[in-house]
Amino acid sequence: MDMNEQVLDDLSAFVADTRFEDLPAAVVDETVRIILDSVGCGIAGTTHKRGQIGVDYGRMQAGTEATILGTGHRASILGAAFANAELINALDHDAVLPPGHVCPYVLPGALALAETRHASGRELILATALAHEISWRIGKAMDYLRDIRDGKVEPPPVWGFASTIFGATAAISKLQGQPAEVVGNALSIAAMISPVNAAASWRQHAPPTTIKYMLGGWLAHGAITAAHMAGFGHRGDRQIFEPEYGYPRFIGTRRWEPEHILDKLGSEWRFPSESSFKPYPHCRVLHAPLDALNQIIDQNRITPDEIEGIKAWVEGFLERPLWMNRDITDVTDAQFSIAHGLALGAHQFLRGPEWQKPERVYDPSVMRLMEKVEHVIHPDYADSLTKDRASRPTRVEVRARGQVFVAERSHPKGSGAPGSDSYMTTADLVEKFRVNAEAVLAEDRARQLADRLLGLADADDVSDVVKLAGTG
């Protein structure tokens, strides 16, 4: 059998045959952590303009079956999935996993369907774990943002997270109990209706579109559509993964290495080791510099008005309009600007929705300090990345009080294995959840929701848990 047909068959069997009992404990734990974090980000997303737009559009799709996070509104499965996809990514505070952001695209449809079907917590965990594993594996088969060519980091000309539609579709198919043949049709249909990979255009233009990487709600819709079309009887294309005319060609990847998808599929779970969480509601590329900056400020009690200048050594592909932009005309612009992000970080506002309130983003002190920020590419970045794909070397210098204060980091907080300095513990994630959720929910309700999400594996009915994430 052709390897590309084997990809479709093996992925289909993986989805159809895997049981909750097959999941290693580490996979269950990491999946629960991701769901906890994502729900908190979604609730906080209601404070952001993008999240509000997603809610408004989701409510247009009439129905009352499913909860829109952080609101008193209910909508159809499609409406809730659309809104929640936009909410989870609104603050750019959600977890990161190659090929980039995954959970905003793969969880919302599964969450809405699980709620309406009164699925158990174990069923939702299993569907979400499958979605992340498949997204990671297909992402590894394709071009990646931090590809290295001739010793330099060279982002591909076509790039994005559209391939997460396969993981999102797998989650829906699993919750529907589809057999392998139907799952295969669903995955193939997902490829045919996949959003384009438009993120390269987005990073090259300023001001950038505020839908960011892509419209997450649209991908969530696509996954729900693909799974249902297969369930209703549509046939897919068994050759959809062949590289000449299939998905690798029309999604724009230069590289297609399906062996990354198939290698020990079902016997080794790869996504937990590369999953990372975001302490700051800002593009992940700036997290290591923000960690170093906070170390300097905390240790030396430096106030923003004392700072004469900030210099940061950053990742080797950030000299693009998206990250170099200093014209902050929308709060979403602040999620990616290097200069604004460091200026905002120096003020040490509460890391959550508070960071992206307009009064914080446009604070005169922040805007003044932004003009004192400069950055250069870290000279060891490509070499460090070659040796350790999780590394993000940085150096930050702060000029204040006639001195130069310096801090360096190799990995940002939120990455790394348990026990490492950069690892975010479950206690760290609960605190992050508390800050996000309590921006919208009462303290007691937020605490109860966190407890129920951490105990999701014991929940007989997910709907009882998800309803706590609304305000109704």
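**Entry 1: the loop between α9 and α10**

I began at K212, which sits in the loop between α9 and α10. The model I am reading is a predicted one. I looked up the backbone at K212 and found a positive phi of about 65 degrees, although K212 is not a glycine. Is K212 buried or exposed? I noted a relative accessible area of 2% for K212, so it counts as buried, the cut-off being under 20%.

In the loop between α9 (199-204) and α10 I also found P207. The peptide bond that joins A206 and P207 is cis, with omega at about 0 degrees.

**Entry 2: another positive phi**

K264 was my next stop, in the loop between α12 (259-262) and α13 (271-274). Phi of K264 is near 55 degrees, again positive in a residue other than glycine. I read a relative accessible area of 46% for K264, which means it is partly exposed.

**Entry 3: the loop between α4 and α5**

I moved on to the loop between α4 and α5 (103-116), where H101 lies. P99 has its place in the loop between α4 and α5 too, and a cis peptide bond joins P98 to P99, with omega about 15 degrees.

H101 has 4% relative accessibility, so I put it down as buried. Which side chains make polar contacts with the side chain of H101? I found D94 at 2.6 Å and Y213 at 3.0 Å. Leaving out residues up to four places away in sequence, H101 touches a list of residues that includes N89, D92, F161, T164 and K278.

**Entry 4: two threonines**

T67 belongs to strand β1 (residues 66-67). Its relative accessibility is 4%, so T67 is buried. The side chain of T67 has a polar contact of 2.9 Å with the side chain of R74. Apart from its neighbours within four places in sequence, T67 is in contact with H73, R74, A80, N84, E115, V466, K467 and G470.

T31 is in helix α2 (residues 25-44). I noted 1% relative accessible area for T31, so this residue is buried as well.

**Entry 5: helix α3**

I then asked which residues of helix α3 (residues 49-59) are buried, and listed R50, G51, G54, V55 and G58. Looking down the axis of α3, I saw its buried residues fall within an arc of 140 degrees, so they line one face of the helix. This goes with a general point: an α-helix has 3.6 residues a turn, so residues three or four places apart point the same way. What covers the buried residues of α3? I found that the cover includes β2 (74-75), α4 (77-90) and α10 (216-232).

Next I followed strand β7. Strand β7 (residues 394-400) runs antiparallel to strand β8 (residues 403-409), and seven bridges join them. F405 in β8 is the bridge partner of V398. The hairpin of β7 and β8 has two residues between the strands, and there R401 takes a positive phi near 55 degrees.

Strand β5 (residues 307-314) is also antiparallel to β7, with six bridges. I noted V396 in β7 as the bridge partner of A312.

**Entry 6: the whole protein**

I finished by stepping back. I counted 22 helices and eight strands in the protein. The C-alpha atoms fill a box of roughly 70 × 55 × 40 Å along the principal axes. The radius of gyration is 21 Å; a compact globule with 472 residues would have one near 23 Å, so the two agree.

Buried residues make up 61% of the 472 residues. The accessible surface comes to about 17800 Å², and 50% of this belongs to carbon and sulfur atoms. Among contacts between residues at least 6 apart in sequence, 77% join residues at least 24 apart.

Note on methods. Residues are numbered from 1 along each chain as its sequence is written. This is a predicted model: local features need pLDDT of at least 70, side-chain atom pairs count only at pLDDT 80 or more; totals for chains, interfaces and linings use all residues. Side-chain values use heavy atoms; hydrogens and water are left out. Two strands pair if DSSP finds at least two bridges between them. Helices (H or I, at least four residues) and strands (E, at least two) are DSSP runs, numbered from the N terminus. Buried means under 20% relative accessible area, exposed over 50%, partly exposed in between (1.4 Å probe, protein chains only). The arc is that of the directions from the helix axis to the C-beta atoms. Contact means heavy atoms within 4.5 Å. The radius of gyration is taken over C-alpha atoms; the globule rule is 2.2 Å times the number of residues to the power 0.38. Accessible areas come from the Shrake-Rupley method with a 1.4 Å probe; for residues, only the protein chains shown count as cover. A polar contact is a pair of N or O atoms within 3.5 Å; within protein, one must be able to donate a hydrogen and the other to accept it, and residues adjacent in sequence count only if both atoms are side-chain atoms.
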